[in-house]
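This report describes the fold and the confidence of one chain. The sequence and structure are shown first.

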Amino acid sequence: MASDSLDVSGGAGGVSAQYDDMISTAAGLEQIANGLTERQSVIEAMLRNGDLLESAVLAPVTAAQVTAQGAAATIGPNGLLVAAARMQASALTLRVSVDAYQSLDEALARATTAGQAVGAPLALLGLLGREGLRAGDDLWNGDLAGLRQLPGLAAEDAGKLLYANPWIVDGVITDSPALMWTLGFAAGPVGFGVLSAWTNSTEHAAFPPTSVEDATGDLIAFGAGFGVFKTGSAGVTPLGPAQAAPSARMAVPTSLSTTMDGVRELGRQKGTIRIFDVPQTDGTRRWVVEIPGTQEWSPTAGTNPVDLTTNLRLMAGQQTEQNEGIRQAMRLAGVAPGEPVMLAGHSQGGITAASLAADPATRAEFDITHVYTGGSPIARFPIPDDVNVLSIEHDQDAVPRLDGRDNPDRPGWVTIHRDPTGVLNQRGEPVTNTAQAHDNSVYSDTAALIDRSTDLTVMRQRETFQPFFSGTGDTTVTTYQLTRELP
Amino acid sequence: MTHRRRRSGLTACLMLVSLCTLTGCGSGDRGRDPSPSPATHRHDPSQAEINSLREQLATIDGVQSVPEFDYQKGTFGNGPSTGGTFNSTATAKQDLITILDTAYRLTWYRTDIAMGDLIYVVQNPTTGTEVGAADLGFDTVSIGPRQLLPRYGPGPTTSAKPS
């Protein structure tokens, strides 16, 4: 049964924001305590005033009363000094609590990562064992027909395993550097040395790896040795109306769901992106850049940069022809410094968006203020805090887990999770496997839920995106054909 | 709605337990269903089926020709999609909308094939009038099963029903 329930993390209601609120409250208490301490000094100075001391001779009772009241107001049990001390203590308690909570969070995160890293190989071994038992049983019974079915059944079981236990992907990714080390050791001392020398001689690669990015870079370097994952330069061509595909109408981004619809429509013209110029009522301009998901899965790099090679390079933390092509297209579109830009994409499109938003050179040229992704593993990109990020991740979609960690929990970054089981995809099938959970039409469906959500965190984040969807109504669009020019 | 906390190590352990249950932990659970379930999915259309649909749509009352009709097979994460342009001599916008509505309905009722997202445009080339999904009340130009099912129902023989 399709679920309309959304799980929200990060943003204004996120843990990080609550910690920030606690720290702010502590700072406020400390400020008030300091103010009270200053007032106490003023009262003490008044009590030591020469005129008051002289008046004690003429009116000793009154002077005594004044002195007693002054003392009560300063050093008494309800005096300023005690109140200030209590506030300081409360502030200290808040700060210590935040530290404790954060330490606990970090410990839990480490435990989770460790659990997944250990659990993933065990799970896969369990699957292998199960299939091995099947094969043995078939051999014992001489069931050759059953044996022939085994690969299909194994794939089906693997799919079910991942759908029910998507965290296995996190574990595998966490284990990827260790896997590279293992491969290196398996190659023996000489092989290890050759691999290391070969890999380290290529740009952006380090062997043995110390991070997931390194491991991905190594994979690219190994592949390059076999003629795959090649790189080239970026080519960009603006497409006029005559060059547009049949029925190439497009969804103008008026909401999160229509923006995801627009990203999906890009699939009708391979290798294209779209840039929308959204004039605002105050005379300024905003821009929406729609970036598609992976279109080519061959490891051999071709002219369409929306491919597997770009995926790997992005996950290795590298800039790609797709990134450069988008920058060139933005220049051609006339995106000026200081004009807010929203980058939106599904799958690889979202990774590209995050990569551009995290790239200092891109940010120096363009004011990327918003990133909107569906089904994209972007947790590892150092997107600056002042960029508003909205990430949609389906629970059973393996792709957004390929970064092996959760998205940061911070005020400007909202991640929305959903179990899409049962939602109809573009083929008219209810979602039951991890590939269907990654379908961009299912992400559009979730985006429509987010458009209607009354969750306060979602509403606040959605408000920051709204200016890109409204404007004066005179939104214009240009489609750009991006290519990879191979040497 | 709830605010989710990070997955904890305990959760990971519980997941492992559920995993053991799923895999039978090598208990020898066969798990093989000897009677495969009946086909419940629309299949990707062959070129002959695409041509057949195009010819069928060309017979809609008021349609003069179908100058564009292309189908794109889906890939991982991207479902299939179909673009079609229908020429008509009808001058009233409502007549063009009726043709568009019929084209969407007939396509959806081909319940054996998966056409994916449909971007259909009906136009009168002489007057320049054209209509698309937005004229049927949708907020996007391409509509797919999620919009077609509630509008036209499951179709005469479809087995692709939401659970």
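## The sheet of chain B

In this predicted model, strands β2(B) and β3 (residues 81-88) of chain B run antiparallel and are joined by seven bridges. Within this pair, B:Glu68 lies opposite B:Thr85 of β3(B).

The two strands belong to an open sheet of four strands in chain B, ordered β2-β3-β4-β5, with mixed pairing. Its edges are formed by β2 (63-72) and β5 (129-131) of chain B, each of which pairs on one side only. From one strand to the next, the twist averages 15 degrees.

## Helices across the sheet

Two helices of chain B are described here. Helix α2 (residues 47-58) of chain B lies across β2 and β3 of chain B, and its direction makes an angle of about 155 degrees with β2(B). Helix α3 (residues 93-108) of chain B lies across β2, β3, β4 (117-124) and β5 of chain B, running at about 150 degrees to β4(B).

## Confidence

The model scores ipTM 0.72 and pTM 0.79. For chain B the mean pLDDT is 78, and 71% of its residues reach 70 or more. Among the elements of chain B, α3(B) has the highest mean pLDDT (96), whereas helix α1 (residues 9-23) of chain B has the lowest (46).

Over residues 1-40 of chain B, pLDDT stays under 50, and the model has 58 contacts beyond four places in sequence for this stretch. Residues 158-163 of chain B also have pLDDT below 50, with 15 contacts in the model beyond near neighbours in sequence. Where pLDDT is low, predicted coordinates should not be read in detail.

How values were computed:
Residues are numbered from 1 along each chain as its sequence is written. Chains are lettered from A and ligands numbered from 1 in the order in which they are written. This is a predicted model: local features need pLDDT of at least 70, side-chain atom pairs count only at pLDDT 80 or more; totals for chains, interfaces and linings use all residues. Two strands pair if DSSP finds at least two bridges between them. Axes are lines fitted to C-alpha atoms, for helices over the stretch in contact, and angles run from 0 to 180 degrees between N-to-C directions. Two residues are in contact if their C-beta atoms, placed from the backbone, lie within 7 Å. pLDDT is the predictor's confidence in each residue, from 0 to 100.
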